[in-house]
Amino acid sequence: MVDFGSQLTQLLARRLREEQVYCEVTTPSKAIEEARRTQAKALILSGGPASVYDADAPKASRELVELGIPILGVCYGMQWMAHTLGGQVVPSSHREYGRAEIRAEGGGGKLLAGVGETTVVWMSHGDRVERLPEGFVVYARSASCPAAVAGDPARKLYAVQFHPEVTHTVEGRQILRNFLFGVCALRGDYRVESFVEQTVANIRELVGSGSVVMGLSGGVDSSVAALLIHRAIGKRLHCVFVDNGLLRLGEREQVERTFGGAFEMDLHVVDASRRFLSALAGVTEPERKRKIIGREFIDVFAEAARQFKDAHFLGQGTLYPDVIESVSAFGGPTAKIKSHHNVGGLPDDLQFELVEPLRWSFKDEVRAVGRALGLPSAVVDRQPFPGPGLAVRCPGEITHKRLELLRRADNIVTTEIEAAGAHRGLWQYFVVLLPVQSVGVMGDHRTYEEVCSIRAVTSDDGMTADWAALPHDLLARISNRIVNEVRGINRVLLDITSKPPGTIEWE
Ligand code: XMP
């Protein structure tokens, strides 16, 4: 799939996987090279915000349309294809955005097979194709778009002016299926097992007889990526787990048990908690905390990585949404809202080639791969845990003592929520320790102790979130246990703020 910069490219790629069709996304400039290298069986040209007449409009090689493989152009992809093949694209008198009805012509051709004669689609375009290239016929039009669906069946080139990938396009799935199976005759036999097999073979080819070093965090992404690399090259994968002192209760032990133990990986645990905590001493400003943690992590990881002199590769659990988030469609960096904590910026003497087996995968697919590889549910279904760890849940000064309180309270929250089965459907559930002390009574004594808040949210992707309404008896149990069992916390609050305006973490 060629990404012309649409925000919907990711969704389009996902739709293909849902049809069990494997796809890789590439930039317009690399498309021809990638199509040849991967021997692509079909191409999809995504939408994009530009006009083909813009000076800086994304350009792909004309050779793409001469490869002889079926192509589906979507929105800008349609316009680029029409323009490239000698058709005419003109600015519309008005931007067409939103719901539109299209009406099929001449039976609708292969692309509209089984689709209603009129059907509702989602449009988003300024320009439109006025004159189609030679060989193309119109298969459907809308009130303001004379060529809403068009194609040249002899060359297997098809195009739609709307977005079949969004659910507002009522029969979008059928239209995509028609292209994938009706036009391209793809098999749709892409399974998790094929992914594992293919990925393992790719890693072997890339790494050859070399070895890979990788930071393992215990999260789903790095765990699954490590397992794939481990399956490909065994002990030539050296995993480094950094204990930064900001982990949850029992987290390090679980990683040791699972990866060093059950999977027999070459796991190196570095206990750097003292170092992190002393670097964080006295720091209260959230972004400074993040910077310090990022810097310390790089230093500790670099030190550990240097001992593997034969390792020229760095394994990473980068997912497709991370790729999209950090690199805009044409290779430029997009604005970052806050500094995210990932391995990057390693010193110059540590130059690695990257091994990123999940670069084209989505989170739910990664989980499926993890299950197929025998990863326990405690890892596969684990809630997201941020790179800077408990630091973003400990506003105010981070001390060993405060972290201990936080860890124990957090453990009560997670255990109780999971025991009640209330974790299903939650995105995250944890405890935040507030930079506040409050007065309480305990028996005959007055106490002056720390305050914590329960944070439990539902979310699809962490970008927006709602606070979760946990059952009262569960909340009561949690509150009781925390104040009774965690000496040093005498008050428990419940965070009932959605995102926006709040964030999920407190920082
Ligand atoms: P916020 O607090 O911004 O968090 O609403 C959104 C989601 O991102 C996670 N998060 C991070 N994950 N590194 C990560 O890997 C980070 O630095 C980081 N900061 C926040 C957070 O847990 C939530 O799921």
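In this predicted model, Arg252 is partly exposed, at a relative accessible area of 23%. The side chain of Arg252 forms a salt bridge with that of Asp243, with an N to O distance of 3.0 Å. Asp243, for its part, is buried, and its relative accessible area is 11%.

Another joins Asp364 to Arg14, whose closest N and O atoms lie 2.6 Å apart. This bridge links distant parts of the chain: Asp364 sits in helix α11 (residues 363–372) and Arg14 in helix α1 (residues 9–18), 350 residues apart. Both ends are partly exposed, Asp364 with a relative accessible area of 37% and Arg14 with 24%.

Helix α1 also holds a local pair. Glu18 and Arg15 are 3 residues apart in this helix, so about one helical turn separates them. Their side chains meet in a salt bridge at 3.2 Å, N to O. Here Glu18 is partly exposed at 31% relative accessibility, whereas Arg15 is buried at 16%.

The nonpolar interior comes next. In soluble globular proteins, nonpolar side chains tend to be buried together. Which residues touch the most other members of the largest nonpolar core? They are Val213, Ile417, Leu470 and Ile482, in a core of 52 residues. Elements giving two or more residues to this core include the strands β9 (237–243), β13 (428–442) and β14 (445–458), and the helices α13 (400–419) and α14 (472–485). Helix α9 gives the most, with 9 residues. The core draws at least three residues from each of domain 2 (192–380) and domain 3 (401–494).

Apart from neighbours within four places in sequence, Leu470 is in contact with Ile417, Ala422, Leu426, Ile454, Ala456 and Leu475. One of these partners, Ile417, is itself among the residues that touch the most other core members.

Conventions:
Residues numbered from 1 in each chain as written. Predicted model: local features only at pLDDT ≥ 70, side-chain atom pairs only at ≥ 80, totals over all residues. Heavy atoms only, no water. Salt bridge = Lys/Arg side-chain N within 4 Å of Asp/Glu carboxyl O. Helix = DSSP H or I, 4+ residues; strand = E, 2+ residues; numbered from the N terminus. Buried < 20%, exposed > 50% of the residue type's maximum accessible area, 1.4 Å probe, protein only. Core = buried A, V, L, I, M, F, W, Y, C linked by side-chain atoms within 4.5 Å. Domains from an automatic or database assignment. Contact = heavy atoms within 4.5 Å.
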